[in-house]
Amino acid sequence: MIPMDVGGRVGRLRTVLGAAGCDALLVTSLTNVRWLTGFSGSAGRVVVLPDELVLVTDGRYGDQARLELAGVDGRVAEGRNLAAQLDSLVDLVAGVRRLGLEAEHVSWAAHQGYAGAFGSELVATTGLVEGLRLVKDAGEVARIETAADIASEALAHVLPLLADEPAETEFETIVAAGPNGGFPHHRPDARRIVEGDLLVVDFGALVDGYHSDMTRTVAVGEPSPERAELLALVTEAEALGVAAVRAGIDAKAVDAACRDYIIAAGWGERFTHGTGHGVGLLIHEAPWVNATSTDVLGEGTVVTVEPGVYRGGLGGARVEDTVIVTSDGCRPLTKTPKDLSCLR
Ligand code: ZN
Ligand code: ZN
């Protein structure tokens, strides 16, 4: 697997701190902590100082943290309990005039605690690490692509099982058959998957913390003309969306590429969600691909394109690919063909 450039990340973060009005940053989002340091534990905060990075965690994670931070210019401080960890943080930020907090990840109570303990001026920041996370390095892309390949292989193993008319609950993912396909995020229930259904399968895998995300709509047996038309409509809309993706395009233009086609066919009101989202350490992350998004797709960003149309009792169809944005287009990371059927 291509290595990730974890060590280079804190330097890039330091270059954006000044513009955000802070001299140092306290990173409290565990996802951001992981991206910045490689630390994958469930408790840890990172202080990014002008010349030092320190991960403050508890005794359970000391050894793990030192291993995972091996490629990062930083050190680990262990505090037995929350009070001891706060003491460490107070010492670390003692000389900091303006300390940035991640406003979207700090609770009111935590903010009150920091305000009482730190001598620094606290500065609300938003999206500093998230902004850097938008563009994936080659190692991150390799992990997402490997996850996508694993998921594709899993689907290939599962498809033949549909002939036995299993219940949706026999799968631990979004599996929505027949009328249940009319609900975009339906949870599997006891309904059996039967001949004639459109089966919406939305699933992914995880490699080193990186997600993949793919949806295919499988025709079980011979679909009715109405269902076949629904599936063809969504498949074409998705292809139009993928064709629109390239570096520099407004995310909302990709949404429009899918949505306008579905609207023209008369089903605009049944396309009830945004077209896509970024994928990385989170299954849903920036950028957002929808009608009101102000995001612009950058080269190296990984996004999904996933239009769907949901027609109640008739069922639903959604097709989703995860792609990496390139200078002149995009490259799909999810490679399972679209025309899946399961004949019996
Ligand atoms: Zn999905
Ligand atoms: Zn998705």
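This is a predicted model: local features need pLDDT of at least 70, side-chain atom pairs count only at pLDDT 80 or more; totals for chains, interfaces and linings use all residues.
1. Now widen the view to the two strands. Strand 14 (residues 302-305) and strand 17 (residues 321-326) run antiparallel, and four bridges join them.

2. Strand 14 is covered on both faces. On one side you will find Val302 and Thr304, on the other Val303 and Val305, and all of these are buried.

3. Next, turn to the zinc ion (ligand 1). Its donors come from Asp202, which contributes two OD entries, from Asp213 (OD) and from Glu320 (OE), at 2.0 to 2.7 Å. The angles among the four donor atoms run from 53 to 150 degrees, and the site is irregular. It counts as irregular because a tetrahedral site would need all angles between 85 and 135 degrees.

4. Along the sequence, the donor residues of this zinc ion (ligand 1) follow the spacing D-x10-D-x106-E. Asp202 sits in strand 8 (residues 198-203), while Asp213 lies in the loop between strand 10 (210-211) and strand 11 (214-220), eleven residues apart.

5. Are the two aspartates buried or exposed? Asp202 is buried, with a relative accessible area of 8%, and Asp213 is buried too, at 5%. Both are called buried because the cut-off is under 20% relative accessible area.

Note on methods:
Residues are numbered from 1 along each chain as its sequence is written. Chains are lettered from A and ligands numbered from 1 in the order in which they are written. Side-chain values use heavy atoms; hydrogens and water are left out. Buried means under 20% relative accessible area, exposed over 50%, partly exposed in between (1.4 Å probe, protein chains only). Two strands pair if DSSP finds at least two bridges between them. Donors are N, O and S atoms within 2.8 Å of the metal (3.2 Å for Na, K and Ca); water is not among the atoms, so sites may look incomplete. Four donors count as tetrahedral if all angles lie between 85 and 135 degrees; four count as square planar and six as octahedral if opposite donors are over 155 degrees apart and all others between 65 and 115; anything else is irregular.
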